[in-house]
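Reader: Could you take me through the salt bridges in this one? Please keep it plain.

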Amino acid sequence: MRKLIIATVFAVTLGSTGTAMAVPAATTYDNFLKTLDSIINEAVLPVPEEIVTAKAWEKNQAVVSIAKTMLGQPVVWGGASPGQGFDCSGLVQYVFRQAGISLPRTADRQFLVGQPVAKSALEPGDLVFFTTYEPGASHVGIYIGADKFVHTSWSQGVVAIGDMKDDYFVKRYYGAKRVI
């Protein structure tokens with residue numbers, strides 16, 4: 001790469017007649033090499049898409065794993081930590097924060113983040129939203145695959161695994177977002 005940059009810079013320093021411009025040889029060349037080394041050392045090369053995809057997959061797996069460790073935690077309105085219990089959006093915010101991702105605190109605000117995902121294209125780590133006690137996104141869970149999601153189950157009183165095919169959730173499905 002250094003040879004390519006040297007050749008490019010040398011070509012640019014040639015005049016339109018093909019002759020080199022008059023510059024002091026020793027100091028200019030030394031400065032040129034120092035500048036070139038600086039550029040090469042500070043260059044940020046593009047990351048191949050496979051690496052980006054692999055990192056997203058790893059982050060999604062971390063989110064799912066963390067979410068599963070919350071199973072059985074008590075459900076508490078306004079709760080946002082294992083010590084106090086969770087409501088749905090508090091659970092989602094806590095789990096994603098543990099994975100290094102900041103999300104808003106409430107389900108309706110969390111619905112404003114990320115890219116929409118078709119129900120048929122859900123992947124583990126996606127957020128799934130439902131209309132429950134008020135219109136719009138009022139309940140949220142973390143999709144874990146196979147039509148299952150981790151959420152706060154008020155009927156069970158704990159963080160549990162829900163089924164996307166359950167009539168209750170089918171009728172109330174609002175949408176999904178991918179934030180990773």
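**Salt bridges**

Author: Asp163 is partly exposed, at a relative accessible area of 26% (buried means under 20%, exposed over 50%, partly exposed in between, with a 1.4 Å probe and protein chains only). This is a predicted model, where local features need pLDDT of at least 70, side-chain atom pairs count only at pLDDT 80 or more, and totals for chains, interfaces and linings use all residues. Residues are numbered from 1 along each chain as its sequence is written, and side-chain values use heavy atoms, leaving out hydrogens and water.

Reader: Which residue does Asp163 meet in a salt bridge?

Author: Lys148, at 2.9 Å from N to O. Asp163 is in strand β7 (residues 158-163) and Lys148 in strand β6 (residues 148-153), so the pair ties together parts 15 residues apart in sequence. Strands (E, at least two residues) are DSSP runs, numbered from the N terminus.

Reader: How many salt bridges are there in the whole structure?

Author: A search finds 5, taking a salt bridge as a side-chain nitrogen of Lys or Arg within 4 Å of a carboxyl oxygen of Asp or Glu.

Reader: What does Glu123 pair with?

Author: Arg178, with the closest N and O atoms 3.9 Å apart. Glu123 lies in the loop between β3 (115-116) and β4 (127-130) and Arg178 in strand β8 (residues 173-178), so the pair ties together parts 55 residues apart in sequence.

Reader: And Asp126, buried or exposed?

Author: Asp126 is buried, at 1% relative accessibility. Its side chain forms a salt bridge with Arg178 (2.8 Å, N to O). Shared partners join Glu123, Asp126 and Arg178 into one network.

Notes: Helix = DSSP H or I, 4+ residues; strand = E, 2+ residues; numbered from the N terminus.
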